[in-house]
Structures are given as C-alpha cells and as structure tokens.
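Here is a quick walk through one protein model, meant for someone meeting it for the first time. Take a look at it, then read on.

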Amino acid sequence: MQSILLPLAMTVLGCGGLTAATLATLSLADDGHDLVTYNSWKGQSFSLSTTAETGKITAATFRLEIVIANTKLVARVVGSVAGTGAPDMSDVYTQLRITTNPTGTTLQPVFFQEDPEIFSRLMVQGATYWLVIGMTNEDHEQASPAGLIRWHFASTNGQDPDAPAGWQVGVMTAASGTAGSNWSPVATTPYLFDVTLTPAPIPEPGLAALLLPAALFSFRRRRP
C-alpha cells in the first residue's frame, strides 16, 4: 500500500464563529481489509501542525464489516509513545462508543459517538495522534468471544483541495496484541474513516470585556 497525506475539511456552523471539521478518507478507493478483534486492535495516525485549530474528536465513522459482534467494541483517540511513534494507550484524549449494532458481512459505515462517561481532552498543536479501534474485553455471549470485524483500507492517495492546512492523515497505521498492547506501526495507505472535530470554545466578547478591567486592576495593584 502507498502512503497518503490528507488535509482537514471544515464546515462553518455559524454559531459564535466556531467551526466543525471533518478529517476523512471514506471517499478513497477500497483495497481490502484488516481484521479487528479483542486480540488485535488496529490504528490510524494523524497529526496537527503547530498552527492547526485544536479541539476534541466527538464522533467517528468507520468503513467496517461486523462479522461477529462484540459489545465491548470501542474507538479511542490516543497520543503517541515518544521515540517510537506507536499509539500510547495510556494517553487517552477521547473514547467513542458504537451507536448502532450492525451485524453481517455487508460493508457499511459504522458510527461512533463520544462516551459521556469518559472525560475528553483538547488535543494540542504540533503533535501526532492515533485513532484506534478494538474490543476492551471478550464477549462470551457471542460464538466467537473475541469478536470479528473487518476494517477496510484505501488503495489510492487522495487530497481535498478546499481543506485548510494543519491536519493530516498520517502515513502510519498500526496493529496490536491483546486489548491494544504491543503496537507495531507500519507505513501504508490509510484505513477508511472520518472523524468530527469540535473546536476549542472561543471566549464570548462580553466575557472578555468583563475580565479585562479586572486584569488591569490586578496589574496596577501589584506595581510598587
């Protein structure tokens, strides 16, 4: 498979100047799939430049075939292990849970939303992150407790000419051992997905106006 860099596409919400953004590869040509189970998580890297707009990833769509379901299926946005570039499962920024329970070998987009029980963190500029998917435990109600999912990947490079600079799909994907342990990154074409970014809130002008006099007063009182 070939490497890819795909910038971020953005849509204006018209609410206080904030924007919603989507980083996506779903429009790229399909070239096959890798297996995702409890014993083998998969991941896709992406990065923010030092000038990128930051925020949280609050939803994601994966091009999947859920052959054998597992109720412990989750997706996470995590950081990278320093010096290796592999996913750092201890550095969680967002956890996403599946919102439907599709089963069968039909290829379809499968939607995940932010888990309200897990605290989400804002991502920072100039860093590499991973979107990972897998099962946190076995599901003994199923014929195969580890579950069986096929995550499809792309065959071609792609680029959105209208996307602003700052966000890119990485050239690395990764596979792990049981429950997301011992990741092995490899340079390849990306998995098929999109993620929705909710940007960091911008302070309301009225609040900023209220805070400025207080800040000036505090500054004056500190002068000798």
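A salt bridge here is a side-chain nitrogen of Lys or Arg within 4 Å of a carboxyl oxygen of Asp or Glu. Before we use that, some ground rules: this is a predicted model, where local features need pLDDT of at least 70, side-chain atom pairs count only at pLDDT 80 or more, and totals for chains, interfaces and linings use all residues. Residues are numbered from 1 along each chain as its sequence is written, and side-chain values use heavy atoms, with hydrogens and water left out.

Searching the whole structure turns up three salt bridges.

| Arg97 | Asp115 | 2.6 Å |

Arg150 belongs to strand 10 (residues 148-154) and Glu65 to strand 5, so to speak a link between distant parts of the chain, 85 residues apart. Arg121 is in the loop between strand 8 (104-114) and strand 9 (127-135), while Asp91 is in strand 7 (residues 87-98), so this pair ties together parts 30 residues apart in sequence. Arg97 is in strand 7 and Asp115 in the loop between strand 8 and strand 9, 18 residues apart.

How open are they? Call a residue buried under 20% relative accessible area, exposed over 50% and partly exposed in between (1.4 Å probe, protein chains only). Arg97 is partly exposed because its relative accessible area is 37%, whereas Asp115, at 5%, is buried.

On to the rings. Rings of Phe, Tyr and Trp (its six-membered ring) pair if their centres lie within 6.5 Å; planes under 30 degrees apart count as stacked, over 60 as edge-to-face and the rest as tilted. The structure holds six such aromatic pairs. One of them is Phe62 with Trp151, edge-to-face at 5.2 Å centre to centre and 70 degrees between the planes. Phe62 is in strand 5 and Trp151 in strand 10, so the pair ties together parts 89 residues apart in sequence. Phe62 is buried at 0%, and Trp151 is buried at 0%. Trp151 also pairs with Tyr191: the centres are 4.1 Å apart and the planes at 15 degrees, so this pair is stacked. Tyr191 is buried as well, at 2%. Elsewhere, ring pairs link Phe46, Tyr93, Tyr129 and Trp167 into a cluster.

Finally, Asn70, found in the loop between strand 5 (55-68) and strand 6 (73-80). Is Asn70 buried or exposed? Its relative accessibility is 6%, so it counts as buried. Its side chain makes polar contacts (N or O atoms within 3.5 Å, one able to donate a hydrogen and the other to accept it; residues adjacent in sequence count only if both atoms are side-chain atoms). A polar atom of the Asn70 side chain lies 3.2 Å from the backbone oxygen of Asn137, and one lies 3.2 Å from the backbone oxygen of Pro145.

Key: Helices (H or I, at least four residues) and strands (E, at least two) are DSSP runs, numbered from the N terminus.
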